[in-house]
Amino acid sequence: MNIAEKPIAMIQGRRSSTGDGVHLIANHYPRGTRLDTHTHREAQLVYAARGTMQVTTPKGRWLVPPDRAVWVPAHLAHAIDVLADIDMRTLYFDPAWLAREQRGTDPSHEFVVRVSPLLHETILALFEGRLDGERSTLLIRLAMLELQHAEDSTTFVPLPREPRCRRAASIVLADPTARHEIEALARAVGTSGRTLSRLFATETQLSFKSWCQRARIAAAIERLSTDANVSIKQVASELGYASLPAFSHAFRQVTGRTPSGFGRKDWLSQPA
């Protein structure tokens with residue numbers, strides 16, 4: 001499959017440039033928008049100041065609510081699905097700028113970062129429309145400094161590449177609320193339960209059970225971040241957990257926090 005490279009000059013939106021290899025584009029995308037698989041010559045930091053998106057790369061799916069941002073390296077194939085209306089703020093970095101300025105963070109692999117209040121305000125300040133050379137340079141360096149301490153894999157669902165394992169993963173992701181038994185899943189994709197279990201461990205670095213739990217918690221985060229009216233108890237029930245404490249325990253195992261402490265208020269109320 002040929003994946004098109006999308007020059008940033010073709011991207012619609014409010015744009016500006018620092019004049020030193022960093023380009024800024026602000027855009028609004030309604031729920032349901034899909035930006036099909038593409039690449040950019042530049043690396044990018046993608047942040048939804050409001051709304052929730054899902055970024056898919058060959059490595060996996062990255063759920064990105066408003067307290068997260070995603071780093072996408074140059075030339076990496078990726079697609080973006082808008083799960084709730086988003087106000088996107090994207091910083092594009094020329095390879096020459098990264099080679100000259102980047103420190104600390106490895107820019108060659110994709111990752112999601114937890115957006116601190118400082119990083120949030122720094123990104124928004126870059127889009128205020130009153131940039132001058134010294135101010136923009138300081139803001140961009142501050143943003144890059146914050147990235148060094150912010151990597152967070154809790155909203156990441158790794159995707160296997162082996163065809164049978166990939167088909168099994170797709171079945172689970174199509175309905176993460178179901179109780180998927182590995183033997184039945186293995187029969188559906190034409191292999192044995194033992195082989196499928198081994199493939200999940202090799203391909204995702206997680207056991208099948210742990211991978212399914214991560215997929216379910218990602219579904220919970222998506223639900224909580226895209227529906228202001230749903231309760232945590234309701235989400236727990238929808239995902240098949242016997243009780244709210246059982247859901248909270250599983251949520252904490254994946255994310256390190258309880259559902260109520262995961263920043264839901266920020267998802268629902270951050271200003272653009």
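Helix α4, residues 163-174, and helix α6 have axes that come within 10 Å and cross at roughly 90°. The axes are lines fitted to C-alpha atoms, for helices over the stretch in contact, and the angles run from 0 to 180 degrees between N-to-C directions. Helices here are DSSP runs of H or I with at least four residues, strands are E runs of at least two, and both are numbered from the N terminus.

This is a predicted model, in which local features need pLDDT of at least 70 and side-chain atom pairs count only at pLDDT 80 or more, while totals for chains, interfaces and linings use all residues. Residues are numbered from 1 along each chain as its sequence is written, and side-chain values use heavy atoms, with hydrogens and water left out.

Back to the helices. From α4, Arg 164, Cys 165, Ala 168 and Ala 169 meet Thr 195, Leu 196, Leu 199 and Phe 200 of α6, a contact being heavy atoms within 4.5 Å. The residues of this contact divide into six nonpolar, one polar and one charged. For that count, Ala, Val, Leu, Ile, Met, Phe, Trp, Tyr, Cys and Pro are nonpolar, Asp, Glu, Lys and Arg are charged, and the others, Gly among them, are polar.

What does α5 do against α6? The axes of α5 (182-189) and α6 (193-204) come within 8 Å and cross at roughly 95°, so α5 is also roughly perpendicular to α6. On the α5 side the residues are Ile 182, Glu 183, Leu 185 and Ala 186, and on the α6 side Gly 193, Leu 196 and Ser 197. This set divides into four nonpolar, two polar and one charged.

Arg 257 sits in the loop between α9 (244-255) and α10 (264-269). Its relative accessible area is 23%, which means partly exposed, the class between buried, under 20%, and exposed, over 50%, with a 1.4 Å probe and protein chains only. Arg 257 and Thr 154 are 103 residues apart in sequence, and their C-alpha atoms are 9.9 Å apart.

Last, the whole protein. It has ten helices and nine strands. Its radius of gyration is 19 Å, close to the 19 Å from the globule rule for 272 residues, so it is as compact as a globular protein of that length. The radius is taken over C-alpha atoms, and the rule is 2.2 Å times the number of residues to the power 0.38. Buried residues make up 52% of the 272.

Terms used
Parallel < 35°, antiparallel > 145°, perpendicular 65-115°, else oblique.
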